[in-house]
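Please look at the sequence and the structure shown below before reading on.

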Amino acid sequence: MDFGDDVMDGGSDAQRRKKRYHRHTPRQIQQLEAMFKECPHPDENQRMQLSRELGLEPRQIKFWFQNRRTQMKAQHERQDNCFLRAENDKIRCENIAMREALRNVICPTCGGPPVTDDYFDEQKLRMENARLKEELDRVSSLTSKYLGRSITQLPPVQPLSMSSSLDLSVGGLSSPALGPSLDLDLLSGGSSGYPPFHLPMTVSEMDRPMMAEMATRAMDELIRMAQAGEQLWVKTAGGGPDGLEVLNVDTYDSIFAKPGGSFRGPDVHVEGSRDSGLVFMSAIGLVDMFMDSSKWMEFFPAIVSKARTIDVLVNGMAGRSESLVLMYEELHVMSPVVPTREFCFLRYCRQIEHGLWAIADISVDLQQRDARFGSPPSRSCRLPSGCLIADMADGSSKVTWVEHMEIEDRVPIHLLYRDLILSGAAFGAHRWLAALQRACERCACLATAGMPHRDIAAAGVTPEGKRSMMKLSQRMVSSFFASLSASQLHRWTTLSGPNDVGVRVMVHRSTHPGQPSGVVLSAATSIWLPVPCHRVFAFVRDEHTRSQWDVLSHGNPVQEVSRIPNGSHPGNCISLLRGLNASQNSMLILQESCTDASGSLVVYAPIDIPAANVVMSGEDPSSIPLLPSGFTILPDGRPGASSSSAAGPLGAPAAAGSLVTVAFQILVSSLPSSKLNAESVATVNSLISTTVEQIKAALNCASH
């Protein structure tokens, strides 16, 4: 039975045996759903009123609400089971790792094997198992509280057999080149989609006043910081023509004194920056994007790897003014060597005056979450941050962006990215604003895609085809960034390659309709090149130089079939490329390249000619499977980068060097149950290593 649309009419026994159903109209369903959101258990008077308004019998109204409640309960049960299974998977993975550690322990005195198997690590394993079991019980109790029911015992977890992990053997022999410690269990692929820590499903009524007061204070502080002068902000080299504005921490501590002083531990550093610029989108359009977690992630795929709204505390008035939401986000820098940053924060929107809006963010206290895991609470938090948005006469907006964080570095920052991160540029206001300007420019191009165009490169492409190709490419880019995530749910395994190129690999089972179904192997490496970012970008995006680095082109030239601009910079475009190779004439390459003042990217994926024809004709591209690979290019953030360097794209000064991440994805098998063997890993390892060598050789920096 369809719980949303069909109910069984009352009547005689003969009629009931025939199971006649009544199909509701869309208008009836819409009004029933609206009523269900307000009151899932309507009383008799409410049912009678609905009966008169919708032309249905009260008995039909009663049956519809019963069926709808049953359906919602089933959905909650499915979500809950998925959550608890993910917890079980994590427990199993950690137990496997601990068992492996116990097998390899050595005596600290003599260096030999332990006298007995129950060495001191066994007690640690017992404590860890007890902690994980307690955590699972806590989650069960929490879910039971919110669903109003007891959770039945999950089916017993079967022992993890060799077939459920990735078998890295060839002919039954392990590969010595990969080493015995290579752990590529599919369970570590993070396919559950849940954050590595447990977020509240809703905010309790007791906490709401406190959070509202916290958000109000954050808003006042944000406005003062955004409008402050040189006393609070210090200009440094880099960024736009006027340089970057960095927070003077000592002045901030004296102006915004916090209860308990401003003591920070030795592992905590402050990142504060400000930037402003014009954005080609109205203020109300930007406000709507900020307050919608899905749009927030869609606008910033290069920075926000995950985002979701946990609870809406205040709905606000028309135009979202006075809205307050609790959100979760993971931030990344598009490299597997830099862990993501995770924040649970309040986002408060206020219309200050006509045409002027403010969006303020402030972290909520998650110390209780970390304490449950037996580790000291993390002091990483988002301090009052956000932006002021002012409407301009031409439909654009002036945005003043403020970023302010306290970050506790629990693990050492990778040497390649140390300067970029410690300078604050990796997650600073300059990068956020540049990404926003690029996203809004792309949205403007998408909005005008249906208009007649004069672009010679896109001749022969219909306006509908242009829009369809832009949507397909946007999905490709978002999928590429998601594959580079370095969150706790995405565990990368490091390999050693030729010339000491460290390649990281990860495997997951793909069932998403936008990707090929089966086992997908992701591999990536990050390198430093003594070459400005704009030179690296120009080299890898140009179809005339592609044969110099593209191993799969086998040295054959590549021809651009079509190009669709999606920005003012000539490098911001979507292209269809064709390899001039008789053996691959049935495949094309969809490529998007874009650059701004904070970095660049080139993402591409093979696409067959029938699928390309579907896109070019303007049909829905959502079912076309893509497996993207590509490059991300960031400035290295070294102090040596100054305005005396050669100018880069959009007038930005060229950095002393570039941080380049090279990433590939390959479909190992179309069978989700298949194993990954050592040959596949060795192939992708060689593929990335050869690509890096060829790029270095072509840019005359092979010695680095």
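By class, the lining of the second largest pocket holds 20 nonpolar, 22 polar and eight charged residues, where Ala, Val, Leu, Ile, Met, Phe, Trp, Tyr, Cys and Pro count as nonpolar, Asp, Glu, Lys and Arg as charged, and the others, Gly among them, as polar. This is a predicted model, in which local features need pLDDT of at least 70 and side-chain atom pairs count only at pLDDT 80 or more, while totals for chains, interfaces and linings use all residues. Residues are numbered from 1 along each chain as its sequence is written, and side-chain values use heavy atoms, with hydrogens and water left out.

**The second largest pocket**

- On a 1 Å grid over the protein atoms alone, a pocket is an open set of points with protein on both sides within 12 Å along at least five of seven lines, a cavity is a set where a 1.4 Å probe fits but cannot get out, and lining residues have an atom within 4 Å of a point.
- The volume of the second largest pocket is about 1,500 Å³, a volume being the space filled by probe spheres set on the points, which are joined across faces, edges and corners.
- Its lining consists of 50 residues, and Arg475, Ser478, Ser479, Phe481 and Ala482 are the ones nearest its centre.
- Helix α13 supplies the largest share of this lining, ten residues, where helices (H or I, at least four residues) and strands (E, at least two) are DSSP runs numbered from the N terminus.
- Because domain 2 (206-254 + 266-368 + 376-446) and domain 3 (461-638 + 656-699) both give residues to the lining, the second largest pocket lies between them; the domain bounds come from an automatic or database domain assignment.

**The helix pair α12 and α13**

- Helices α12 and α13 (residues 463-483) pack at an angle of about 150 degrees with their axes 9 Å apart, the axes being lines fitted to C-alpha atoms over the stretch in contact and the angles running from 0 to 180 degrees between N-to-C directions.
- That angle makes α12 roughly antiparallel to α13, since angles over 145 degrees count as roughly antiparallel, those under 35 as roughly parallel, 65 to 115 as roughly perpendicular and the rest as oblique.
- Arg442, Cys445, Leu446 and Ala447 of α12 meet Arg467, Met470, Lys471, Ser473 and Gln474 of α13, with contact meaning heavy atoms within 4.5 Å.

**The cavities**

- The lining of the largest cavity divides into six nonpolar, three polar and three charged residues, and Arg431, Asp596 and Leu634 are among them.
- The second largest cavity has a volume of about 40 Å³, and its lining includes Trp296, Trp401 and Trp432.
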